[in-house]
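Open the model in your viewer and keep the sequence panel beside it. This tour goes stop by stop: select, look, move on.

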Amino acid sequence: MKKIALFILLLLVNVATYAGPVSKHGQLKVAGTHLVDKNGQAVVLRGISFGWSCWYGKFYNAPAIDWLVSDWECSVVRAAMGVEPQGGYISCPEKQTALVTAVIEAAIKNDIYVIIDWHSHGIRTKEAVEFFGQISAKYAKYPNIIYEVFNEPVEQTWDEVKTYSVEVINSIRENDKNNVILVGNTHWDQDIHIA
C-alpha cells in the first residue's frame, strides 16, 4: 500500500511541476539564422503539420492535439489552413477560422507552439490581411504563436511574395509586436538564395 501511495504522490508531483515547451522557452525570436528562446538559447521544435484543413478538418480539435503532445511529445503543431480549394477559407472563412482556432486553443492549453499557416499557392492579399489581422488581435499576448503568411509560393516572383508579405506582416504587427513570422519564398521555398 505504501508503494502505491508513493507512486501516486510522485506522479502528482511530476504533473504539478511539468513545464511544457512554452513555459520552458517562452517568447521565441530570430537571432541571425537561429530560432532562440527567452534566454537567447537556440531552440529546435519538433512536431507535425496537419493536412489542409479543408480536407482533414476532422483532426483540427483538442483531442488530436492532446494525443500528439502526450504520445509523440510534440513541441509544435502546424495548422495548415486551406485557402483556395473548395471548402477552404475563400469559400468558408468562418468554418476554416474555427478549425484553426480549435488547434490554437488546444496548443495554448497544452503549452506548445502553434504555426498558423496560410496554406495557399496564390497571392490573396486582402483575405490574408483580414485573417491575420483577426488572429493576431485575438492571440498576440500568447508566446505560443508563430505566423506563416504564405506556404510555399509556386510561380510568384520574390518581388511579388515580398510585397504581399510586407502587407500581411504589417497587419500582424499592428496587434502583435513579438511573435515570429515565417515567410515562404519562390518555387515551393526552394529559391531561398533569391530572398
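Leaving aside neighbours within four places in sequence, which residues is N110 in contact with? Select N110 and show what surrounds it. The contacts are I65, D66 and V69. Keep in mind that this is a predicted model.

**Stop 1: around N110**

Stay on N110 and colour by secondary structure. The residue sits in the loop that runs between α5 (93-109) and β5 (113-119). Is N110 buried or exposed? It is buried: its relative accessible area is 14%, and the cut-off for buried is under 20%.

**Stop 2: R78 and D117**

Next, select R78 and D117 and show their side chains. They meet in a salt bridge, with an N to O distance of 3.0 Å. R78 belongs to strand β4 (residues 76-82) and D117 to strand β5, so this pair ties together parts that are 39 residues apart in sequence. Both R78 and D117 are buried. R78, D117 and E148 are linked in a network of salt bridges.

How many salt bridges does a search of the whole structure find? The total is 5.

**Stop 3: R124 and its partners**

Take E84 to begin with. The side chains of R124 and E84 form a salt bridge at 3.5 Å, N to O. This pair links distant parts of the chain. R124 is in the loop between β5 and α6 (125-139), while E84 is in the loop between β4 and α5, 40 residues apart.

Then turn to E127. Its side chain meets that of R124 in a salt bridge of 3.9 Å, N to O.

Switch to a surface view for these residues. R124 has 29% relative accessibility and counts as partly exposed. E84, at 31%, is partly exposed. E127 is partly exposed at 23%.

**Stop 4**

Keep the surface on and select W55, Y56 and F59. These residues make a nonpolar surface patch of about 360 Å². Focus on Y56, which lies in helix α3 (residues 53-56). Its relative accessible area is 43%, so Y56 is partly exposed.

**Stop 5: G47**

Select G47. You are in strand β3 (residues 47-49). G47 is partly exposed, with a relative accessible area of 45%. Which residues does G47 touch, not counting those up to four places away in sequence? Show C74 and V76: G47 touches both.

Now draw a distance from G47 to K162. Their C-alpha atoms are separated by 27 Å. Along the chain, G47 and K162 are 115 residues apart.

**Stop 6: the largest pocket**

Finish at the largest pocket, which holds about 450 Å³ of space. Which residues lie closest to its centre? Select I181, L182, V183, G184 and I192: of the 17 lining residues, these are the closest to the centre. Then highlight β6 (145-148) and β7 (181-182), the elements that give two or more residues to the lining of this pocket.

One is the salt-bridge network of R78, D117 and E148. The other is the largest pocket, with I181 and I192 among the residues closest to its centre.

Terms used. Residues are numbered from 1 along each chain as its sequence is written. This is a predicted model: local features need pLDDT of at least 70, side-chain atom pairs count only at pLDDT 80 or more; totals for chains, interfaces and linings use all residues. Side-chain values use heavy atoms; hydrogens and water are left out. Helices (H or I, at least four residues) and strands (E, at least two) are DSSP runs, numbered from the N terminus. Buried means under 20% relative accessible area, exposed over 50%, partly exposed in between (1.4 Å probe, protein chains only). Contact means heavy atoms within 4.5 Å. Patches are made of residues with over 30% relative accessible area and no salt bridge: like charges are joined within 9 Å, nonpolar side chains (Val, Leu, Ile, Met, Phe, Trp, Tyr) within 5 Å. Accessible areas come from the Shrake-Rupley method with a 1.4 Å probe; for residues, only the protein chains shown count as cover. A salt bridge is a side-chain nitrogen of Lys or Arg within 4 Å of a carboxyl oxygen of Asp or Glu. On a 1 Å grid over the protein atoms alone, a cavity is a set of points where a 1.4 Å probe fits but cannot get out, and a pocket is an open set with protein on both sides within 12 Å along at least five of seven lines; lining residues have an atom within 4 Å of a point. Grid points are joined across faces, edges and corners, and a volume is the space filled by probe spheres set on the points.
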